[in-house]
Amino acid sequence: MFKAVIFDLDGVITDTAHLHFLAWQSVASEIGIPIDEAFNAGLKGISRMDSLARILRHGGMEEAFSQKEREQLAQAKNALYVESLKGLTRDSLLPGIAQLLTEIRANKVRIGLASVSLNAPTILQALGIASAFDFCADASRIQLSKPHPDIFLAACAGLGVTPEQTIGIEDAQAGIEAINAAGMLSVGIGGELSGAGLTLSSTYELSWPRLSDFWQAMRGQNGHHLRGHNGSAIA
Ligand code: BG6
Ligand code: MG
């Protein structure tokens, strides 16, 4: 059996991915850069300053702002985002998440968080689930955003498990790549993802039986040594 499940936050536990988009869209449009949902998909899992860099590049404005101005733009986005978080309550948990957290705990498997959001502690408090997590990786100490595996490796270390004993759950392409690069098994939420060991269309489909069947297929007696982290057969 796996020893831990490590969750991404935005877009897996609650629908803040959309709130990030609305805040960036507002700041970007003020400097003359239109962004849409399709562009925003590439910002999922990317840190605040790296997201801004991508938006400026998208608008051909990489050189247009000093470091200080960039920090002001990022602060403006964060102020809008934090304001929009005020509506979060326990009802803002995505479908199936509350029950899944309970089931994982009942099976004595550890629970971790690997979000690069500096707002993650505030969000967990607002959702009323901070105590469900045995360890939350500290985004402020992570130099390299997803798709680098660093935040997932930090979560594994904090939980006292190896990546090979762990399942990671993500809604971002960069996040799936980070989980795979860490050597964990990956579960992707949302249809547009590639490379996930298991892809589910929404959190409705996430459940303890689903995760344990996936683990058995990949790392159980029949699956052991037969499949790589993304489900590909190993010769
Ligand atoms: C990730 C989101 O979880 O956190 C990104 O997917 C976001 O969209 C990143 O940019 C950083 O969040 P924050 O709250 O620190 O600006
Ligand atoms: Mg996410």
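Buried residues make up 49% of the 235 residues in the chain, where buried means under 20% relative accessible area, exposed means over 50%, and partly exposed covers what lies in between (1.4 Å probe, protein chains only). This is a predicted model, in which local features need pLDDT of at least 70 and side-chain atom pairs count only at pLDDT 80 or more, while totals for chains, interfaces and linings use all residues. Residues are numbered from 1 along each chain as its sequence is written, chains are lettered from A and ligands numbered from 1 in the order in which they are written, and side-chain values use heavy atoms, with hydrogens and water left out.

The overall form comes next. The chain holds 9 helices and 6 strands; these are DSSP runs, with helices being H or I of at least four residues and strands E of at least two, numbered from the N terminus. A compact globule of 235 residues would have a radius of gyration near 18 Å, and the chain agrees because its own value is 18 Å. That radius is taken over C-alpha atoms, and the globule rule is 2.2 Å times the number of residues to the power 0.38. Along the principal axes, the C-alpha atoms fill a box of roughly 55 × 40 × 30 Å.

Contact means heavy atoms within 4.5 Å. Among contacts between residues at least 6 apart in sequence, 61% join residues at least 24 apart. The chain exposes about 11,200 Å², of which carbon and sulfur atoms supply 51%; accessible areas come from the Shrake-Rupley method with a 1.4 Å probe, and for residues only the protein chains shown count as cover. The mean positions of the 18 positive and 24 negative charges are 7 Å apart. Lys and Arg count as positive and Asp and Glu as negative, with His and the chain ends not counted; each charge is placed at NZ of Lys, CZ of Arg, CG of Asp or CD of Glu.

The model also contains a metal site. Asp8 (OD), Asp10 (O) and Asp171 (OD) coordinate the magnesium ion (ligand 2) at 2.0 to 2.1 Å. Asp8 is in the loop between strand 1 (4–7) and helix 1 (16–30), and Asp171 is in the loop between strand 4 (166–170) and helix 8 (173–182), so the pair links distant parts of the chain, 163 residues apart. Along the chain the donors follow the spacing D-x1-D-x160-D. Donors are N, O and S atoms within 2.8 Å of the metal (3.2 Å for Na, K and Ca); water is not among the atoms, so sites may look incomplete. Both Asp8 and Asp171 are buried.

Glu170 is found in strand 4. Glu170 counts as buried because its relative accessible area is 0%. Leaving aside neighbours within four places in sequence, Glu170 is in contact with several residues, including Asp8, Val12, Lys146 and Phe152. Its C-alpha atom is separated by 6.7 Å from that of Phe7, 163 residues apart along the chain.

Lys146 is also part of a cis peptide bond, which joins it to Pro147 with omega about 15°. Pro147 lies in the loop between strand 3 (135–136) and helix 7 (150–159). Another backbone feature is at Lys108, a residue other than glycine whose phi is positive, near 60°. Most residues other than glycine have a negative phi, and most peptide bonds are trans. Lys108 lies in the loop between helix 5 (97–106) and strand 2 (110–113), and is exposed, with a relative accessible area of 76%.

Two further residues complete the tour. Gly183, in the loop between helix 8 and strand 5 (185–189), counts as buried at 18% relative accessibility. Beyond its neighbours within four places in sequence, Gly183 is in contact with Pro163, Glu164 and Arg219. Ala53, in helix 3 (residues 48–58), counts as partly exposed at 22%.
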